[in-house]
Amino acid sequence: MPTAMLSAHFALAEFACKCGRWPACTITRPAAALVAALEAARAKHYPRGLVLLSGVRCVTHNKDVKGAPGSQHVKGRAVDFRDPTMTIKQAISCGFKGVGVVKI
């Protein structure tokens, strides 16, 4: 089955909830503005690619990972990605509306 692409570099499957039941767990899909911001970030700061770690989450999985009750992941408006190198100012210039940083 062909991969459903949301943009030139990002496939729908990259945003899948990690609960193991996606897409049955949620009908939420990534917001177009989020995908556009990711494309801008890739073009400006990640020319070799950008690895998404977490995208859309169902409510159950969000609770399991101790996500905020009103998490933007549940609404399809947030992602976590590996090795962020942008400053908050750079992220905003790419079109991101909210920026959270968690050190692992």
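**Starting from Phe15**

Let's start inside, with Phe15. Leaving aside residues up to four places away in sequence, Phe15 touches Leu6, Phe10, Pro30, Leu34, Val35, Leu38, Leu52, Gly55, Val56 and Val79. Keep in mind that this is a predicted model.

Phe15 belongs to the largest nonpolar core, a set of 18 residues. Along with Leu38, Leu52, Val79, Phe81, Met86 and Phe96, Phe15 touches the most other members of that core. Helix α1 (32-45) and helix α3 (88-94) each put in at least two core residues, and α1 gives the largest share, with six. As a general background, nonpolar side chains in soluble globular proteins tend to be buried together.

Now step back to the whole fold. Among contacts with a separation of 6 or more, 63% link residues 24 or more positions apart.

What about overall size? The radius of gyration is 13 Å, which agrees with the value near 13 Å for a compact globule, because that is what the rule gives for 104 residues. The C-alpha trace spans about 35 × 35 × 20 Å along its principal axes.

Finally, the surface. Of the 104 residues, 38% are buried. The accessible surface comes to about 6800 Å², and carbon and sulfur atoms hold 59% of that area. As for charge, there are 15 positive and 5 negative side chains, and the centres of these two sets sit 6 Å apart.

Note on methods. Residues are numbered from 1 along each chain as its sequence is written. This is a predicted model: local features need pLDDT of at least 70, side-chain atom pairs count only at pLDDT 80 or more; totals for chains, interfaces and linings use all residues. Side-chain values use heavy atoms; hydrogens and water are left out. The radius of gyration is taken over C-alpha atoms; the globule rule is 2.2 Å times the number of residues to the power 0.38. Buried means under 20% relative accessible area, exposed over 50%, partly exposed in between (1.4 Å probe, protein chains only). Contact means heavy atoms within 4.5 Å. Accessible areas come from the Shrake-Rupley method with a 1.4 Å probe; for residues, only the protein chains shown count as cover. Lys and Arg count as positive and Asp and Glu as negative; His and the chain ends are not counted. The place of a charge is taken as NZ of Lys, CZ of Arg, CG of Asp or CD of Glu. A nonpolar core is a set of buried Ala, Val, Leu, Ile, Met, Phe, Trp, Tyr and Cys residues joined through side-chain atoms within 4.5 Å. Helices (H or I, at least four residues) and strands (E, at least two) are DSSP runs, numbered from the N terminus.
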